[in-house]
Amino acid sequence: SPHLPAMVPALLSALDKAAKPSGSPALADRLQGVLGKLVHSRAAASGAGLPPDDAFALLETVLFVAARASGPRSAAAASWGFRYLLAVAQAGGDGANAQVVRALQAALADF
């Protein structure tokens, strides 16, 4: 489903808030478990039908969340999400790798 990759930024943001000292450790554990199951699914299958532009926008959002992660737990989860979304974007077919490289360069330039 193309909706699974779109869940990654929201889950990362919620995990980051829950993992803070003022957050809920139990909620952080559950969110990390859900995110772990999502990112270990088959990226090509779960991202089927996701337009490349949407995948690149999700990659940029996850980079933004990762850059501002409040702790190592959030940063690790953001790296999982980033690798998953990168695999989804690369599964887009012919020319996807070149588009991914250009999108990553543009996202990194923003930081």
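Biologist: At what angle do α1 and helix α2 (residues 25–39) pack?
Modeller: This is a predicted model in which local features need pLDDT of at least 70 and side-chain atom pairs pLDDT 80 or more, while totals for chains, interfaces and linings use all residues. Residues are numbered from 1 along each chain as its sequence is written, and side-chain values use heavy atoms, leaving out hydrogens and water. The axes of α1 and α2 lie 9 Å apart, each helix being a DSSP run of H or I with at least four residues, numbered from the N terminus. Between N-to-C directions, on a scale from 0 to 180 degrees with axes fitted to C-alpha atoms over the stretch in contact, the packing angle is about 155°.

Biologist: How is α1 oriented relative to α2?
Modeller: The packing angle of α1 and α2 is about 155°, and angles over 145 degrees count as roughly antiparallel. Therefore α1 is, relative to α2, roughly antiparallel.

Biologist: Where does α1 bend?
Modeller: The bend is the angle between axes fitted to the seven residues ending at a position and the seven starting there. For α1 this comes to about 25°, and the residue concerned is Pro9.

Biologist: Is Ser74 buried or exposed?
Modeller: Ser74 lies in helix α5 (residues 72–90) and has a relative accessible area of 4%. Because buried means under 20% and exposed over 50%, with a 1.4 Å probe and protein chains only, Ser74 is buried.

Biologist: Which residues does Ser74 touch?
Modeller: Contact means heavy atoms within 4.5 Å. Leaving aside residues up to four places away in sequence, Ser74 touches Leu15, Asp16, Ala19 and Ala69.

Terms used: Helices (H or I, at least four residues) and strands (E, at least two) are DSSP runs, numbered from the N terminus. Angles under 35 degrees count as roughly parallel, over 145 as roughly antiparallel, 65 to 115 as roughly perpendicular and the rest as oblique.
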